[in-house]
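Please examine the structure shown below. The paragraphs after it lead through a few of its residues and their surroundings.

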Amino acid sequence: MAKMITSYGTGEQFTTAALMGMGGTQQDANGRFYLDGNAVNIELSRVIAEAIYIDEIFRDGQSVTGAYTTDRTPRGATRVILDTPLPFASRTTSYGGRDGTPGNAGIFNVNAPLLPTNDEFIVYRNQVNDQAMLFSDLSKEYIPLDIMAKKIASYGKRVAMDRSGSTLAEIIAYAFYRSLNGGNNLVNEGDLTQENAYADLINELNALLDEGDPARGAFTYATNGRTIIGRPSFINNVFSRKSGVIMLGGDLAQEMLKNYDLDVRMADRNYVGTGYKGYAMQFHFQVAPAYIWTLAEKYLNLPAGALDNVDAIAVSFEATAKATTIDLGVKIVDATNGKRGLEAQPLNIWGHEAFRKSYVIGKSTLTNDYLTSTLKLTAETRLEPIAPKMIKEDMDVISVPVYGLDGTIIGFREIANAPKPNGDNFQTGLKQVAMPAATPPGQSFTGANVSVTLATITPDADIYYTTDGTEPTSSSTKYSSAISITQTTTLKAIAIKAGMVPSSVMTEVYTKTEARSAKSR
């Protein structure tokens, strides 16, 4: 494994460099680098973990604290120590010809001693990502390095996106809760097109963080670790000529990439992530793209667009704690159940908690009234992030043919799901039979029966159907003539043709209703 990584800027560039460091240096006659499919499991799992790490938005010491993360066991918990201030203890003495504090006239305090104590906060590891990823073409062969780098970088981005979206949701949920309970932590960004608008805003945020969160035992926040995480349009405009923010060349993200050593613990590395934009006015600036905010809405079960009037958050690492087991938390195994290639099984278990005040920066519409009237939040209820459901329509099922002894296709086996990058342009290599259509479509009827015909536009495809609501297969009733439906029925049908992927399942519901009598009319 290479000691040093010099590439920066994108996860793909970093992953390419890391793969080359583990031995992906074979070259063909055209000068293309290849990755040896025989030397993968341990090193590849490490590269995948690195790909996740570099896309992380919330980083220990920068925007969250992991200082008390000592329990590395899965599904464990982390104890975060909070300051508990002592009561006021100043007193006057009898020096100077004046009486001292009653009971303390001498130079020795006669009050009973105080024992300094600390409160503590528990962060539970309640977020788990264990979705296996199939690398179907990495199997005992040479793989073009750029192709593998793209796949690993994409995988790492998806896991990091999941973790970042849930952490953002945690911080925003707590900020909204505190705001409705007198926290005063919604900050109106004002008109950012005005001269020096960003400088004025950042000065205001620094003043707020200097005040800390006395209600939760933080009388000020340290200047190191202050971070503004925002939408691209918000962060990139910070460094415009009129913003009032001056950024020295030495503060640029490139300078933060030196001394990045793969053999050093992740928490100790001098690397700030692919979305890092720089440091100025006591703040780190980190971009969170739109899909992170959309995912945060899903985690909070808010309607789409609910956070459109939120542009950024200002946090201190002393206000949000994380507990995580991400370091090399990916296991590579040979594909199972007849699948071809290797499976990456992430074992990333993490948790996070906002336990002190952070600031949500937004437009003038971001008010407590918006939280209560539009989002229907209350001061008594704190939102808790929940795992958003996978949207099935955004996935394509990849099927492969199963051949009989005579070489003909006798069926198909689903081996994996893949996201559709753009509509239906993701192809499995096999065409799919068109879904059957019913005539008439599902409807209510009052007569003795309704006669339903089925058809598919794919020539020579056979249609199979069920009328009891179960999923149809090639073992179901084969369609040959019109179906007579006499009672409320859920009709499902599928079209199958040898050499093609079976169609999607058609579902139509026919509801029988009682005819109204002439008297009732």
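**Around a serine and several rings**

Leaving aside residues up to four places away in sequence, S243 touches N196, A197, Y198, A199, N237 and V238. The model examined here is predicted. S243 belongs to the loop between α5 and β10. Is this serine buried or exposed? With a relative accessibility of 2%, S243 counts as buried, because buried means under 20% relative accessible area. The side chain of S243 also has a polar atom that lies 3.1 Å from the backbone oxygen of S240.

Attention now turns to aromatic rings. A pair of such rings is described by the distance of the centres and the angle of the planes. A search of the whole structure finds 4 aromatic pairs. One of them is formed by F239 and F285, with 5.4 Å from centre to centre and 80° between the planes. This pair is edge-to-face, because an angle over 60 degrees counts as such. The two residues are 46 residues apart, and their pairing links distant parts of the chain: F239 is in the loop between α5 (232-236) and β10 (276-280), whereas F285 is in strand β11 (residues 283-287). F239 counts as partly exposed, at 28% relative accessibility, while F285, at 0%, counts as buried.

Methods: Residues are numbered from 1 along each chain as its sequence is written. This is a predicted model: local features need pLDDT of at least 70, side-chain atom pairs count only at pLDDT 80 or more; totals for chains, interfaces and linings use all residues. Side-chain values use heavy atoms; hydrogens and water are left out. Rings of Phe, Tyr and Trp (its six-membered ring) pair if their centres lie within 6.5 Å; planes under 30 degrees apart count as stacked, over 60 as edge-to-face and the rest as tilted. Helices (H or I, at least four residues) and strands (E, at least two) are DSSP runs, numbered from the N terminus. Buried means under 20% relative accessible area, exposed over 50%, partly exposed in between (1.4 Å probe, protein chains only). A polar contact is a pair of N or O atoms within 3.5 Å; within protein, one must be able to donate a hydrogen and the other to accept it, and residues adjacent in sequence count only if both atoms are side-chain atoms. Contact means heavy atoms within 4.5 Å.
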